[in-house]
Amino acid sequence: MNRIETDVIIIGGGATGAGTARDLSMRGVRCVLIEKNDIASGTTGRNHGLLHSGARYAVKDHESAHECMRENKTLRKIAWHCIEDTGGLFVTLPEDDPGYHRLLLEGCRYAGIPAKEISIRKALQLEPNLNPGILSAMTVPDGTIDPFRLTASNMLDAKERGAIILTHTRVSAILKEGSKVSGVSCITKNGDAIEVMAPVIINAAGVWGQEVCAMAEIKLPMFPSKGSMLIIDYRINGVVVNRCRPPADGDIIVPGDTVSLIGTTSKEIPYDKIDDYTIDDDEIDILLSDGEKLIPNVKNTRALRAYCGVRPLVAVSGEAEGRNISRGIVLIDHKNRDGLDGFITISGGKLMTYRLMAEKTADLACKKLGVKKKCKTHKVPLPGSESRFSSGRTVKRFSGIPDSVVGSTFYRHGQRLRNIMTGEKKNYRLICECEMVTEGEIEYAIKKLDVKDLVDLRRRTRIGMGPCQGELCAYRGAGLFHEYGAATPEGSVELLHDFLEERWKGIRPVLWGDGLRESEFTYWIYQGLFGLSHVNNKKKKKG
Amino acid sequence: MIKLENISFDHCIKCTVCTIYCPVAQATHLFPGPKQSGPDAERLRIKNPELVDASLKYCTNCKRCEIACPSDVKIAEIIQNAKWKYVKVHWFRPRDFFMSRTDLVGGLATIFSGLTNFIINLKVMKVLMHLFLNIPYSRKFPAYQRGTFTGLYKKKFMQSQKVYEKRAVFYHGCFVNYNNHSLGEDLIKVMNALGYGVDLVDEKCCGVPLIANGYIEKAKKNAQYNIDSLGKTGDAVIVSTSSSCSFALMHEYPSFLELDNSSYIDRLDYITKFIYDEFTAGNIPQMKAVGIRAAYHSPCHLERMGGVIYTLGVLKMVPGLDLVVLNSECCGIAGTYGFKKENYEISQGVGQNLFRLIEKAEPEFVVTDCETCTMQIEMNTKYKVLHPVTLIAMALEEKNKGKK
């Protein structure tokens with residue numbers, strides 16, 4: 001059995017977990033991060049990737065709104081390569097209450113969010129694809145943020161500062177010595193057992209935190225609320241478009257990288273369904289019909305996939321609806337609550353406030369360890385964002401490689417582009433043609449970014465996230481896993497199979513029109529040409 | 001953010017058939033193919049206009065990708081649009097300027113045609129053009145004729161056309177006007193034999209070379225001029241002997257240039273479609289056996305229009321014609337594309353397959369509908385190239401001689 005001695009154990013590899021690992025490593029505290037799946041595979045990676053201005057909360061929850069705005073400014077400084085400054089609009093539709101507009105403006109002013117009323121003509125100039133029938137419009141400093149990149153670069157920074165990251169490793173027990181925690185035992189993907197010993201354990205498992213607490217014999221009831229989103233084939237809008245009304249289903253369209261997302265629904269689900277990720281037809285109907293009201297083009301465009309995330313809201317009191325519960329940060333020192341020393345739970349909050357949550361958690365952990373160093377995460381930029389470059393200038397330096405490839409890689413990795421782009425031939429070989437992922441980028445991800453399978457690779461590079469959903473890149477990607485020594489030949493076929501299954505899950509709820517034709521073609525390639533279902537049958541026999 | 005209108009790229013299912021059929025992608029690795037340059041890259045260009053690839057310039061706009069596409073994606077149109085919308089081009093491009101103004105250059109050249117043809121074929125001149133205008137040294141130029149076809153028509157044909165009751169307007173295009181009067185004469189002969197009198201109207205260059213060189217506004221002006229001019233011709237039929245001109249008049253105007261050409265669209269046909277309809281309706285003039293073995297090459301734009309079948313239908317009705325239908329290949333010249341130094345090698349590379357097929361067929365003549373295909377084939381093979389109309393005129397000529 002492997003045994004690791006460290007200062008802090010972090011359970012959960014979402015944005016908060018990764019942020020905490022980075023924060024602690026920057027203060028010189030040794031830490032081990034344990035994630036049962038892949039980084040950002042839970043709620044972190046299952047939202048609409050909005051860089052909130054906070055305006056959405058400005059009417060009801062001033063504190064959240066203010067927090068959002070402050071973190072918004074910070075993230076623009078430390079993580080510019082994960083962020084696109086698209087700007088945001090709040091527009092009132094004819095059927096909405098026109099009074100809410102004024103209410104929102106006031107709320108924004110109170111929370112310190114620079115919202116500005118603009119004319120409808122100006123709004124249509126800013127976003128020409130907008131419904132021309134809107135009644136009023138205002139701009140807010142919204143943007144987009146890529147949760148995968150954000151988490152990955154937090155993780156990369158922590159690793160470069162000495163933290164240990166264990167992905168695809170599941171915590172099986174929390175070890176205690178009297179009223180103090182002493183470590184955890186966990187099991188890797190291959191079934192190897194590892195014991196990690198530390199005086200402080202941070203539970204950053206989000207909605208799965210209830211299970212982690214249960215292992216420590218603590219009751220912490222979660223309030224799972226599901227939010228579903230729809231991905232549109234390409235950017236139908238360049239600016240984040242919010243609907244100016246009290247928070248409800250289908251009130252935002254976010255342009256994220258090459259696609260647009262329509263979000264979100266809110267649905268209460270029982271705790272045992274949090275790993276199901278099923279999307280109901282009525283949710284898709286709502287998203288499509290409400291999305292169309294904001295941007296009419298939605299009805300002519302292919303829906304790529306639908307997905308959902310589960311909000312990690314802690315049910316502190318007995319409130320009735322998921323949307324009304326505060327999304328504020330919940331930091332629990334279980335020494336005070338349950339008498340278990342060294343155990344900390346961080347939950348609630350939003351992707352936007354991950355850094356603040358990490359800071360608060362790290363502060364508490366450091367207090368327990370007696371470390372006196374201050375947090376610096378709001379000052380030091382993340383790897384990739386070290387110094388600011390304009391895309392145009394960077395792209396020009398790599399003459400020979402197509403601008404679209406360099407530009408896309410730069411967009412994804414910021415300054416770390418230097419580690420990827422060289423004159424070598426592999427940078428000319430495109431693996432994913434929809435999202436311009438080269439062999440060089442995949443090699444970098446496999447070797448440097450803790451990629452274990454194709455699904456992980458997708459989170460680091462966007463492979464298979466374009467309109468063909470892995471049709472042409474999945475088998476090439478699987479082959480590269482073998483080439484770079486990350487899988488056996490048989491293993492890479494299994495990776496391919498699992499990846500296609502994962503893609504299929506998201507495609508199935510939106511299976512009509514061009515998406516259906518695409519799936520038929522994909523099926524024809526993988527089943528008709530490659531006979532991939534044999535792998536599945538073999539697996540079943542083994543199982 | 002731009003207003004999104006042409007969103008046919010959304011239908012692409014990434015089958016990559018277009019790239020298989022792309023003649024440029026086969027000839028050079030510098031062009032990643034229509035799928036990647038068109039529907040794939042369009043998503044990126046919508047995200048960020050800076051993500052535009054310089055390789056777009058290698059597209060010849062042959063439109064074979066659009067023929068191949070099972071999802072009806074307007075691939076070539078997307079590429080053409082992107083080429084001129086996103087790539088910044090220098091305003092001072094003397095070569096492209098003169099090359100795209102076929103009517104301006106043609107009008108000047110025909111005044112002193114003998115001198116022009118002499119100078120343009122001087123070795124010194126060719127070296128100078130190679131060095132300063134980036135026009136490849138080994139490229140042969142079409143010879144200019146003395147005077148214009150419109151002038152010839154006024155002198156020689158205008159009177160004789162008045163006896164016919166049925167009227168046809170002939171959109172002659174620049175090539176007939178400045179370089180190949182005899183094709184125009186052949187057309188008048190054939191139309192007369194079918195019982196039509198031929199009229200000419202004021203016209204400007206159809207705009208194909210302008211579009212290919214990025215002068216979209218000028219192309220729109222020309223197109224509007226032609227639309228106005230052709231729209232005023234009552235209910236006369238309109239024919240053209242150039243496959244690319246007819247393609248522009250019929251399809252590029254409404255879709256790429258976004259102009260309304262409904263005033264004449266129902267009356268306009270590429271010439272072989274018109275002849276085919278007349279032939280099948282029973283209006284077949286007497287023809288005698290021509291006794292020729294010819295190889296037929298189908299031009300890309302005619303294929304895109306779905307017009308090849310009519311040309312073949314007409315040719316099959318020419319008696320005594322031993323016709324070899326060549327496998328459909330692009331000749332590589334693509335209008336002004338093959339006249340540019342940076343494209344010359346690709347252009348020649350694309351055509352290699354076709355030239356080989358022609359040599360193998362061992363014909364006496366090559367037949368094709370397109371004027372620039374004619375230049376390319378005549379430069380690269382030893383055969384003379386005829387227009388289908390010329391072939392029919394030859395068959396008619398035999399008859400006249402017989403009578404005498």
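Colleague: How many helices and strands does chain A have?
Modeller: The model discussed here is predicted. Both kinds of element occur in chain A, and the counts are 18 helices and 24 strands.

Colleague: Why does the radius of gyration of chain A agree with that of a compact globule?
Modeller: The C-alpha trace of chain A spans about 65 × 55 × 50 Å along its principal axes. For 543 residues, a compact globule would have a radius of gyration near 24 Å. The value for chain A agrees with this, because it is 23 Å.

Colleague: Which elements of chain A give two or more residues to the side that touches chain B?
Modeller: The contact takes 25 residues from chain B and 35 residues from chain A. On the side of chain A, the elements that give two or more residues are α10 (391-397), α11 (403-413) and α17 (513-529).

Colleague: Where in chain A does pLDDT stay under 50?
Modeller: The mean pLDDT of chain A is 91, and 94% of its residues reach 70 or more. Where pLDDT is low, the predicted coordinates should not be read in detail. The model has seven contacts beyond four places in sequence for the stretch under 50, which is residues 317-322 of chain A.

Notes
Residues numbered from 1 in each chain as written. Chains lettered and ligands numbered in written order. Predicted model: local features only at pLDDT ≥ 70, side-chain atom pairs only at ≥ 80, totals over all residues. Helix = DSSP H or I, 4+ residues; strand = E, 2+ residues; numbered from the N terminus. Rg over C-alpha atoms; globule rule 2.2 N^0.38 Å. Contact = placed C-beta atoms within 7 Å. pLDDT = per-residue confidence, 0-100.
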